[in-house]
Amino acid sequence: MLRMVVCVKQVPDTTEVHTLIREGVPSILNPFDAHATEAAVQLKEKYGGHVTVLSMGPPQAAEALKKCISFGVDRAILVSDRAFAGADTLATSYTVAAGLRKIAGEEGLDLVLCGKQAIDGDTAQVGPGIACRLDLPQITYAVGVDEVDLEEGTITVQRRLEKGVQTVQAPLPALLTCVEEMNELRYASLPNMIKAARYEVEVWTAADLDTEPERLGLKGSATVVERIFAPPEHERGEIIPGGSEDPAGAAAALLDKLIEQAATSEE
Amino acid sequence: MAKDKQPRLVIEPEKCIACGLCEAECPFDAIHIEGDVAVIDYDKCKVCRKCIPICPTNCLSVEGGKEAAPAEAAKPAEVTGKVGGYSGVWVFAEQDSGEVHPVSWELLGCGRTLADTLGCELAAMVLGEDVEDVAIEAGYYGADRAYVIDNPVLQVYRTSPYAAACISLISKYKPEIVLVGATTLGRDLAGAIATELGTGLTADCTGLDIDEETKLLRQTRPAFGGSIMATILTREQRPQMSTVRPRVMEALPRDETRQIEIISEDLALTEEDVLTKIIGFQADSDLDAPNLQYAEIICSGGRGLGSPSGFELIQQLADALGGVMGASRATVDAGWISHDHQVGQTGITVRPRLYIACGISGAIQHLVGMQSSDTIVAINTDPDAPIFQIADYGIVGDLYQVVPELIRLAKERNLKEKLLSGVAF
Ligand SMILES: Cc1cc2nc3c(=O)[nH]c(=O)nc-3n(C[C@H](O)[C@H](O)[C@H](O)COP(=O)(O)OP(=O)(O)OC[C@H]3O[C@@H](n4cnc5c(N)ncnc54)[C@H](O)[C@@H]3O)c2cc1C
């Protein structure tokens with residue numbers, strides 16, 4: 001039996017963001033986290049066990065957790081408190097690790113799964129941060145789990161690297177961060193959808209966790225945003241005329257320009 | 001200004017664009033967007049000033065009190081406990097069997113400027129087995145010193161021994177700044193080290209410089225889906241850590257006359273201490289496929305291609321010019337082409353000598369991945385497409401009419417041969 005926790009985040013659907021105005025931007029379950037959740041559910045189907053999802057976020061992040069319930073997850077916990085607001089990756093991994101410790105105390109913990117990164121910040125730092133805080137072997141960029149040996153207490157995982165796929169074996173408990181190729185998301189079954197709709201997400205506040213207040217949220221963050229600004233404007237280049245009336249002429253003019261420019265920059 | 005007056009946060013409503021950033025930033029839930037303006041709840045506001053630098057239109061300020069400037073910003077970094085005694089700019093030299101990832105040299109290039117501004121050493125952190133050559137090479141690319149740990153457990157990268165090695169060096173020599181390439185390996189490592197050291201880590205920086213007054217590292221990166229840029233500081237913890245993607249910074253020319261001082265350290269770790277074992281590696285079959293990241297000429301296609309088969313045309317153009325094919329995210333999302341061709345914020349950052357964008361609108365997330373290209377060409381039917389703002393040369397027209405002509409002429413003039421021999425561009 002494998003006792004698993006998936007750490008998930010609700011993110012703005014950034015494919016829809018075109019301006020700074022966040023109003024009306026739909027929130028979604030971070031896509032990589034959806035794959036991590038699916039991976040955990042598949043492992044449960046194969047080896048038996050239990051899947052809990054954990055998220056740190058504002059109250060509305062409960063929606064993302066309910067979505068996970070529809071994937072076949074057993075339990076969903078939202079760690080939510082004003083004290084957590086403004087957390088950078090350092091403070092986030094601290095709080096999430098505290099949540100994981102509490103879960104481990106209640107139900108045990110063999111495997112933590114995270115998404116490779118969240119699409120809003122793209123940092124890929126929280127997974128390794130959690131592994132470090134809980135002293136778990138970290139296996140990033142997982143594309144597949146070859147085997148879990150419950151007797152030996154090991155997991156064998158394939159990792160996507162820049163030049164190929166590496167197979168590693170680590171002792172349990174361990175932490176994986178998952179990429180999209182890990183699996184194909186399935187449609188939620190009807191019973192799971194009904195379960196999700198009715199599910200009451202458990203909410204833990206700072207008081208429920210064993211944490212030091214000065215390490216939470218903004219106070220516990222090592223990085224601060226000094227300034228936010230619009231990307232610099234660029235100088236408009238040269239439009240080569242005739243693009244629609246005389247494409248051949250425009251193409252020739254372009255190549256002339258490029259060759260001319262190359263010649264001058266060689267000097 | 002009355003001395004006894006309590007400082008309070010004020011807003012210039014006419015400047016406010018109701019973006020909601022202050023609301024998101026406020027740790028005390030004291031600002032809310034109501035209609036088209038931010039409203040301050042004075043019962044909750046603690047005048048922490050956290051919202052002030054966040055505001056893109058500078059409409060928030062503090063009125064009254066003794067000082068209007070943010071308290072933290074005025075405080076020199078030296079006064080805080082952990083900061084003192086840290087000096088030096090370090091770059092993690094990423095290597096695999098002695099082959100160094102070029103991002104490490106790029107970071108040394110950027111690190112050289114930072115170290116010179118600070119008046120401190122630039123060092124490479126070199127870990128592995130038999131890596132002295134890597135240390136010497138780091139000298140050619142600008143490092144003054146190399147901190148080397150040569151140990152068989154470091155032969156192939158694994159997180160725990162590498163993190164332990166980095167932490168032992170950093171704890172002993174206390175560098176002020178540590179830069180790591182935002183590669184698969186670098187991201188795996190940097191997050192582990194920063195957490196263990198309890199310090200800040202800023203991912204995917206596109207700009208790094210030193211603040212004149214505070215001497216802090218100003219780490220600039222795209223934020224909120226790339227629509228805006230943010231400058232991030234690690235004020236009180238050390239080292240200040242950043243990751244930077246390949247191709248964002250420029251390496252110095254290799255100079256074999258440069259000498260490097262090598263400092264070797266031991267690591268008290270043996271294979272028995274490392275619990276994670278590598279039991280296999282399957283190299284990608286298309287390893288010889290052209291490398292987009294380091295390509296000199298890139299021809300990219302976007303949604304303007306209209307269908308997946310459009311990429312055949314782009315490939316022909318790339319072939320005719322001796323280049324490599326790139327793509328926008330819209331085409332990757334549509335399943336027209338694989339993700340490893342994607343240029344941009346969630347794809348690859350490129351810096352070719354020539355970038356030709358065909359049927360790409362020029363969304364900011366695409367631009368951040370290719371704007372450092374030497375020469376940019378855009379072909380687009382829409383004269384108002386933002387890509388023309390950044391292009392050196394633009395053709396307003398149908399790519400299906402222009403590109404075939406380009407291919408024909410490029411072949412006719414034998415441009416590929418010329419390009420390969422370095423005559424053109
Ligand atoms: C968080 C986030 C991350 C993102 N990351 C990336 C990224 O890494 N890379 C990326 O590219 N995008 C990224 N995007 C998406 C980006 O915002 C744009 O949606 C995308 O770049 C648009 O692709 P496109 O230019 O191909 O398509 P469109 O914007 O649809 O533009 C198509 C263009 O083709 C032109 N056109 C149409 N027909 C023709 C023709 N026959 N001949 C010539 N021109 C023609 C049109 O005028 C138009 O300008 C990201 C978005 C977000 C929110």
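Q: What area is buried between chain B and chain A?
A: This is a predicted model. In it, 95 residues of chain B touch 72 residues of chain A. Carbon and sulfur atoms give 58% of the buried area. The total buried between the two chains is about 7,400 Å².

Q: How many salt bridges does the rule find across the interface of chain B and chain A?
A: Side chains of opposite charge can pair when their charged atoms come close. One pair in this model is A:Asp256 with B:Arg413, at 2.9 Å from N to O. Across the interface of chain B and chain A, the count is 6.

Q: Which residues does the second, separate core include?
A: In soluble globular proteins, nonpolar side chains tend to be buried together. The largest nonpolar core has 41 residues, among them A:Val53 and A:Ile155. A second, separate core has 37 residues, and it includes A:Leu258, B:Leu313, B:Leu399 and B:Leu415.

Q: Which element gives the most to the largest nonpolar core?
A: A:Met4, A:Val6 and A:Leu176 are among the residues with the most contacts inside the largest core. One element gives 6 residues to this core, the most of any: helix 1 of chain A.

Q: Which residues are in contact with A:Met4, leaving aside its neighbours within four places in sequence?
A: A:Met4 is among the residues with the most contacts inside the largest core. Its contacts include A:Ala40, A:Leu43 and A:Lys44. Ala40 and Leu43 of chain A are also listed as buried residues of helix 1.

Q: How far does helix 1 of chain A reach from its first C-alpha to its last?
A: Helix 1 covers residues 31–47 of chain A, 17 residues in all. At 1.5 Å a residue, 24 Å is expected. Just after the helix, A:Gly48 takes a positive phi of about 80°. The reach of helix 1 is close to expectation, at 24 Å.

Q: Is A:Glu38 buried or exposed?
A: A:Glu38 sits in helix 1 of chain A, and its partner A:Arg186 lies in the loop between strand 10 and helix 5, 148 residues apart. The closest N and O atoms of this salt bridge are 2.6 Å apart. A:Arg186 is partly exposed, at 39% relative accessible area. A:Glu38 has 2% relative accessibility, so it counts as buried.

Q: How many residues apart are A:Asp120 and A:Lys9?
A: The side chains of A:Asp120 and A:Lys9 meet in a salt bridge, 3.0 Å from N to O. At 23% relative accessibility, A:Asp120 counts as partly exposed, and A:Lys9 is partly exposed at 35%. A:Asp120 is in the loop between strand 6 and helix 4 of chain A, A:Lys9 in the loop between strand 1 and strand 2, and the separation is 111 residues.

Q: Which strands hold B:Arg8 and B:Glu63?
A: B:Arg8 forms a salt bridge with B:Glu63, with closest N and O atoms 3.9 Å apart. B:Arg8 is partly exposed at 36%, and B:Glu63 is partly exposed at 34%. The pair links distant parts of the chain, 55 residues apart: strand 1 and strand 4 of chain B.

Q: Why does B:Arg247 count as buried?
A: B:Arg247 lies in the loop between strand 15 and strand 16 of chain B. Its phi is positive, about 80°, although it is not a glycine. Buried means under 20% relative accessible area. B:Arg247 counts as buried because its relative accessibility is 14%.

Q: What is the relative accessible area of B:Asn414?
A: Most residues other than glycine have a negative phi. B:Asn414 has a positive phi near 55°. The residue sits in the loop between helix 12 and helix 13 of chain B. B:Asn414 is partly exposed, with a relative accessible area of 41%.

Q: Which residue does a cis peptide bond join to A:Pro173?
A: Most peptide bonds are trans. A:Pro173 is in the loop between strand 9 and strand 10 of chain A. The bond has an omega of about 0°, and the partner of A:Pro173 is A:Leu172.

Note on methods
Residues numbered from 1 in each chain as written. Chains lettered and ligands numbered in written order. Predicted model: local features only at pLDDT ≥ 70, side-chain atom pairs only at ≥ 80, totals over all residues. Heavy atoms only, no water. Helix = DSSP H or I, 4+ residues; strand = E, 2+ residues; numbered from the N terminus. Expected span 1.5 Å × (residues − 1). Buried < 20%, exposed > 50% of the residue type's maximum accessible area, 1.4 Å probe, protein only. Core = buried A, V, L, I, M, F, W, Y, C linked by side-chain atoms within 4.5 Å. Contact = heavy atoms within 4.5 Å. Buried area = accessible area lost by both parts, 1.4 Å probe. Salt bridge = Lys/Arg side-chain N within 4 Å of Asp/Glu carboxyl O.
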